[in-house]
Protein chains: 2
Amino acid sequence: MASAAFDVLAIGNAIVDVIARTDEDFLIRHKMRKGAMQLIDEAQAAKIYDAMGPAVEVSGGSAANTVVGVAGLGLRAAFIGRVKDDELGRVFAHDIRAAGVSFTTPPSSAGPSTGRCYVLVTPDGERTLNTYLGAAQDLHPNDVDADAIAAAQFIYLEGYLWDPKPAKEAFLKAAHIAHAAGRKVALTLSDAFCVDRYRAEFLDLIRRGTVDLVFANEHELHSLYQTADFDTALNALRNDARLAVVTRSEKGCLVVARESTEAVPASPIERLVDATGAGDLFAAGFLVGLSRDADHRSSARLGALVAAEVIQHLGARPETPLKTLAEDNGFEF
Amino acid sequence: MASAAFDVLAIGNAIVDVIARTDEDFLIRHKMRKGAMQLIDEAQAAKIYDAMGPAVEVSGGSAANTVVGVAGLGLRAAFIGRVKDDELGRVFAHDIRAAGVSFTTPPSSAGPSTGRCYVLVTPDGERTLNTYLGAAQDLHPNDVDADAIAAAQFIYLEGYLWDPKPAKEAFLKAAHIAHAAGRKVALTLSDAFCVDRYRAEFLDLIRRGTVDLVFANEHELHSLYQTADFDTALNALRNDARLAVVTRSEKGCLVVARESTEAVPASPIERLVDATGAGDLFAAGFLVGLSRDADHRSSARLGALVAAEVIQHLGARPETPLKTLAEDNGFEF
């Protein structure tokens, strides 16, 4: 097998987050499901933006956040996703490249504007997501660079890609190329309601081995197996997946393999400011660990460490140098 | 005198801040004067943006930050400034209106894009500003709503308005209308190099009484009187200005009136994250105090309190409800 040009290559919806603090009443008034992601059209986007408070714009997108974390930890990362050639598209492209991630997908010159996610952060630090996909809908299988995929140690795909139809085809094409080249494919289930929309297909991906590694939080796990009983869901996942990580917020995570399940605690934090990006950065740390041949436990500890960084400020992109943070906490690369 | 429709109306450059953390070397390599504001053209803006790290976008603009602070403290505020009808222009308009500030200046439909300031924050929390004025250059005396000016208790003007020529005319028109209506005019000197560009004119404004209240930091004060001796400069200011406040970062501030000078300490902070907006928010608190007939000392204490909020996070707009903060600290409105 040829040596890898990238440690992790991610495909995802390219999104700029528009983040505002709000109260619980706002979510109720606007019929938003707290903690979840809902897809919205342009008219709904305008309505939500008009109603929400002063905001901050920070590049986001679930898989994009993950590769920014991977690059921040000093590994080689690439991203495939679609923006438009507009101001927010230039913001997205600048930020991901400035973070050290290779990003060469050409922007759309026509069609909908760059995707954005209206993120509402309640006083408890929970975030509720309203995504206008915009140009991200136009990610096409042709955007998947076969050479880059074949030359990446891990391909990381977000479940949200199932929403725009051509993006799902891009996902499947990438997974196929990666496996043909002997690479590993990881999937994040993204959101419990996303799982609800595509349950059968996600289960099929996992059971057929189209994905080698699955990231899920508790809500997504319960949704995947339609059970309120955690152990039932966990056993089903152990049976279906080659390797999986279930993240449980402040309760830490479980690394689930066929032969064993390891519990790893969350990293301590001073204050939960904004949970956006917690799962994305956890995945970054875990993938970096695996890429460097660390064991599951160390990889999960690194995931927990970088997830703790991102939830202590607004936005899903790290604000502190992750490599230094990792080294200060005893991780070596 | 008719009752005021607004407690504070500000005129300023409408700017969106593009904020990134950086190291001292970056400033040296790009020949930037640390802590200062330099004006840049579109080509320089592109070059700096290409070179700087991942950024966060937050609405800014010195005088705009001040009226956002005034509104956050529960008073009635308005802003006059020019954006373009583009994505960042809509971000600026959304944020200032969502903060409760009246903003009705029509956006430009043609010409340069919405102004932006590339803010580089060094590890010590100091910020270095690179401003592309863009559409802010097109603020015109016709944008000054005479009725709104005459109906505002305080007019607040930023020294930066001296850079775009028509904006300076708008400034002088507003000051004239305000005084004819028996209102007060306040000026912030903005930046030591701005003072250097317009020293004679600023001194003239102060000495002729075109402005009733001057805000300056230590650097601006030294620049205004071209002396390294603080007391010499302070005595000159006392002689020239009706009322002035000199802010001195962690050393607090001095309220300088003809008959007396009062020293007020800075508010304690946990950690200086980003000094952007410190002076702007100090002015907000001080003006709110005066508007509510508080004495100079209480007004300066309120200024120090809200300045302390804004320097403990990235960006020059408050992240916590200022009214609650003020009430929790014993201020009553």
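## Inside the sheet

β11(A) and β12(A) run parallel and are joined by five bridges; strands here are DSSP runs of E with at least two residues, helices are runs of H or I with at least four, and both are numbered from the N terminus. Two strands count as paired if DSSP finds at least two bridges between them. Within this pair, A:Leu213 sits opposite A:Leu243 of β12(A). Before going further, note that this is a predicted model, where local features need pLDDT of at least 70, side-chain atom pairs count only at pLDDT 80 or more, and totals for chains, interfaces and linings use all residues. Residues are numbered from 1 along each chain as its sequence is written, and chains are lettered from A and ligands numbered from 1 in the order in which they are written.

On to β13(A), which runs antiparallel to β12(A) and is held to it by five bridges. A:Val245 has A:Val255 as its bridge partner in β13(A). The hairpin of these two strands has five residues between them, and there A:Ser249 takes a positive phi near 50°. Four of the five residues of β12(A) are buried, so the strand is largely enclosed by the rest of the structure (buried means 20 or more other C-beta atoms within 10 Å of the residue's own, exposed 12 or fewer, partly exposed in between, with C-beta atoms placed from the backbone).

## The whole sheet and its helices

Zoom out and you get an open, mixed sheet of nine strands in chain A, ordered β6-β5-β1-β9-β10-β11-β12-β13-β14. β6 (101-103) and β14 (261-264) of chain A are the edge strands with a single partner each, so one side of each has no neighbour in the sheet. On average, neighbouring strands are turned by 20° against each other, direction ignored.

Helix α11 (residues 296-310) of chain A lies across β12, β13 and β14 of chain A, at about 35° to β14(A). Those angles run from 0 to 180 degrees between N-to-C directions, using lines fitted to C-alpha atoms, for helices over the stretch in contact.

## Chain A overall

Chain A has 12 helices and 14 strands. Its radius of gyration is 18 Å, close to the 20 Å that the globule rule gives for 333 residues, so chain A is as compact as a globular protein of that length (taken over C-alpha atoms; the rule is 2.2 Å times the number of residues to the power 0.38). Buried residues make up 55% of the chain.

## Where the two chains meet

Here 18 residues of chain A contact 19 of chain B, a contact being two C-beta atoms, placed from the backbone, within 7 Å. α4(A) gives the most to chain A's side, with six residues. β4(A) also pairs with β4 (residues 56-59) of chain B, antiparallel over three bridges, and A:Val56 partners B:Val58.

A rotation of 180° with 0.0 Å of shift along its axis superposes chain A on chain B (RMSD 0.0 Å), by least squares on C-alpha atoms of residues with pLDDT of at least 70 in both. The copies are thus related as by a two-fold rotation axis. In chain A, the C-alpha nearest that axis belongs to A:Glu57, 2.4 Å away.
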